[in-house]
Amino acid sequence: MRRRLVLNGGEDIHRCLVCEIRDQSVCNAIDDNELAILAKASKQLSLPPATTLIEEGSAAQAFYNVTAGTVKLFKSLPDGRRQITGFADVGHFLGLTNAGTYSFGAETVNTVQVCRFMRPQLEILLNDYPLFERRLLAEVTDELAEAQEQMLLLGRKTARERVASFLLARMVHRPCQVKGEENIVSLPMTRVDIADYLGLTIETVSRTISSLRREKIIAGTDHHGIRVLSPTRLQGLASGQEHS
């Protein structure tokens with residue numbers, strides 16, 4: 001017998017109805033007529049910058065769907081050093097693991113909104129909605145592909161190729177919704193975080209970005225972002241096809 005989430009008569013599903021990112025997240029596996037189920041299974045949280053969302057090694061009892069902002073993911077060494085392994089943006093689902101503990105840590109970069117699913121509620125959704133389970137499996141598959149790209153990035157690419165790959169990925173994964181500004185790259189993280197993620201020094205990252213600006217491949221914006229002036233050249237750099 002399937003377990004069902006018990007709903008309160010006055011369950012508020014407004015946040016699910018007006019959610020702007022539902023179509024690009026795991027939640028699109030739940031039909032509109034069953035949004036009350038989704039609302040009951042999750043709780044919306046708003047977190048300020050530098051908030052620990054996931055503590056590496058702690059019990060994996062909560063899972064998070066990012067609906068606004070950016071979260072940095074990292075692995076820690078016993079001596080306290082950290083390696084940033086990725087940045088989770090809108091639509092990413094965090095915390096999935098086969099083990100009983102989280103295998104990574106997560107901290108908010110800016111103000112972040114998430115929908116939190118506790119393990120019992122998530123397990124019921126997985127049991128009752130096979131499409132939801134398949135959507136989460138697709139998320140895990142995407143994460144594996146991103147991990148393989150990161151291995152290539154750190155193992156074989158030059159500094160210019162790494163920075164170009166990072167900017168290109170941010171442009172693809174965070175498209176601007178304003179017409180005419182599709183090539184804006186949002187960079188809410190610090191240069192230190194970018195350098196850590198790319199396996200470079202902050203000086204190298206800064207020099208490389210300045211060089212790309214002089215070559216008119218990118219330009220700065222008024223909001224700590226970057227405008228890609230030549231996506232084709234940036235793609236060439238990222239793939240190692242342009243060396244100038």
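Predicted model: local features only at pLDDT ≥ 70, side-chain atom pairs only at ≥ 80, totals over all residues.
- Three bridges link β10 to strand β11 (residues 225-228), and the two pair in the antiparallel sense.
- Which residue of β11 is the bridge partner of I218? That partner is V228.

- As general background, nonpolar side chains tend to be buried together in soluble globular proteins.
- The largest nonpolar core here has 28 residues, and F166, L167 and L198 are the members that touch the most others.
- Two or more residues of this core come from each of β5, α5 (159-173), α6 (191-198), α7, β11 and α8 (231-238). Helix α5 gives the most, with six residues.
- Where does this core lie relative to domain 1 (10-153) and domain 2 (157-238)? Both domains give residues to the core, so it lies between them.
- Setting aside neighbours within four places in sequence, L198 is in contact with L153, L154, R162, V163 and F166.
- There is also a second, separate core of 19 residues, and I37, A39, F63 and L125 are among them.

**A buried histidine in a loop**
- H92 is found in the loop between β5 (82-88) and β6 (93-94).
- Is H92 buried or exposed? Its relative accessibility is 16%, and buried means under 20%, so H92 counts as buried.
- Not counting residues up to four places away in sequence, H92 touches Y64, N65, V66, F87, E139 and E146.

**Strands that pair with β8**
- In general, strands of a sheet pair through backbone hydrogen bonds, either parallel or antiparallel.
- Strand β1 (residues 42-47) runs antiparallel to strand β8 (residues 112-118), and six bridges join them. Within this pairing, S46 has Q113 as its bridge partner in β8.
- Strand β3 (residues 62-68) also runs antiparallel to β8, joined to it by six bridges.
- N65, one of the residues touched by H92, stands opposite C115 in β8.

Notes: Residues numbered from 1 in each chain as written. Heavy atoms only, no water. Pairing = 2+ DSSP bridges. Helix = DSSP H or I, 4+ residues; strand = E, 2+ residues; numbered from the N terminus. Buried < 20%, exposed > 50% of the residue type's maximum accessible area, 1.4 Å probe, protein only. Contact = heavy atoms within 4.5 Å. Core = buried A, V, L, I, M, F, W, Y, C linked by side-chain atoms within 4.5 Å. Domains from an automatic or database assignment.
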